[in-house]
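Here are my notes on this entry. Please read them with the coordinates open.

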Amino acid sequence: MPGGHLKEQQIHPAERLALPGGGLADIDLRMIPLVRALWALNFTTLGCCQDLGESIEHNGHGSPVNAEDRQRWATFYKGHAWLKLPVRDANRLVGILGEDSTFAHRMRRWTHREAWQAVIWLFPTNGGYARPEAAAQLTFPTDQVGGLVNLLTMIRM
């Protein structure tokens, strides 16, 4: 995930969709309704996965790390969907969800089983500093995808 220089491979059944700005992308079948709902609200998606744990376990991100070392993260993320959005769009999405009665506690209670995780990677630069990645990685229980789609399709922005 960090760095973006690894060869990725499709792990889950997918469909090739036309991107709003042009080009094509293979989208996991279970993520298509969510991605389309996000696009309808002018969100930019940079990546997604219907089960990040399965992808890590089967090395969908093409890491040179051996399977035994990957297993820790595969277990941690098993059953969690993944979205990669520009930081501004991730901020907007989390803000919307924080106002919804179903999702609000999921945004605020990080130790809860239903909680979301939002990560912005920091990369070292020359001169002893770090720069934040321009994208946020959001993970959340896969069983929330349907409810999220329902909420987003009700929003008119």
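This is a predicted model: local features need pLDDT of at least 70, side-chain atom pairs count only at pLDDT 80 or more; totals for chains, interfaces and linings use all residues.

1. Salt bridges overall. Six salt bridges turn up in a search of the whole structure. Three of them are worth a look: Asp-26 with Arg-16, Lys-78 with Glu-57, and Glu-114 with Arg-106.

2. Asp-26 and Arg-16. Their side chains form a salt bridge at 2.8 Å, N to O. Asp-26 sits in strand E2 (residues 24–28) and Arg-16 in strand E1 (residues 14–18), so the bridge ties together parts ten residues apart in sequence. Asp-26 has 36% relative accessibility and counts as partly exposed. Arg-16, at 53%, counts as exposed, because the cut-off for that class is over 50%.

3. Lys-78 and Glu-57. The closest N and O atoms of this salt bridge are 3.5 Å apart. The pair links distant parts of the chain, 21 residues apart. Lys-78 is in the loop between helix H3 (67–77) and strand E4 (80–86), while Glu-57 belongs to helix H2 (residues 52–57). Both ends are partly exposed: Lys-78 has 43% relative accessibility, and Glu-57 has 31%.

4. Glu-114 and Arg-106. Here too the closest N and O atoms are 3.5 Å apart. Is Arg-106 buried or exposed? Its relative accessible area is 11%, and buried means under 20%, so Arg-106 is buried.

5. Helix H4. The helix has twelve residues (87–98). At 1.5 Å a residue, H4 should span 16 Å, and its end C-alpha atoms are 16 Å apart, so the two agree. Its buried residues are Asp-89, Ala-90, Leu-93, Ile-96, Leu-97 and Gly-98. An α-helix has 3.6 residues a turn, so residues three or four places apart point the same way. The cover over the buried residues of H4 includes helix H1 (32–40), E4, helix H5 (104–108), strand E8 (135–141) and helix H6 (145–154).

6. Main core. The largest nonpolar core holds 32 residues. Met-31, Leu-34, Leu-83, Leu-93, Trp-116 and Leu-152 have the most contacts inside it. E2, H1, E4, H4, E8 and H6 each give this core two or more residues. H1 supplies the largest share, six residues.

7. Leu-93. What does Leu-93 contact beyond its neighbours within four places in sequence? The partners are Leu-38, Phe-43, Leu-83, Leu-85, Trp-116, Leu-138 and Leu-152.

8. Second core. A separate core of six residues also exists. Among its members are Cys-49, Leu-52, Ile-56 and Trp-82.

Technical notes: Residues are numbered from 1 along each chain as its sequence is written. Side-chain values use heavy atoms; hydrogens and water are left out. A salt bridge is a side-chain nitrogen of Lys or Arg within 4 Å of a carboxyl oxygen of Asp or Glu. Helices (H or I, at least four residues) and strands (E, at least two) are DSSP runs, numbered from the N terminus. Buried means under 20% relative accessible area, exposed over 50%, partly exposed in between (1.4 Å probe, protein chains only). The expected span of a helix is 1.5 Å times one less than its number of residues. Contact means heavy atoms within 4.5 Å. A nonpolar core is a set of buried Ala, Val, Leu, Ile, Met, Phe, Trp, Tyr and Cys residues joined through side-chain atoms within 4.5 Å.
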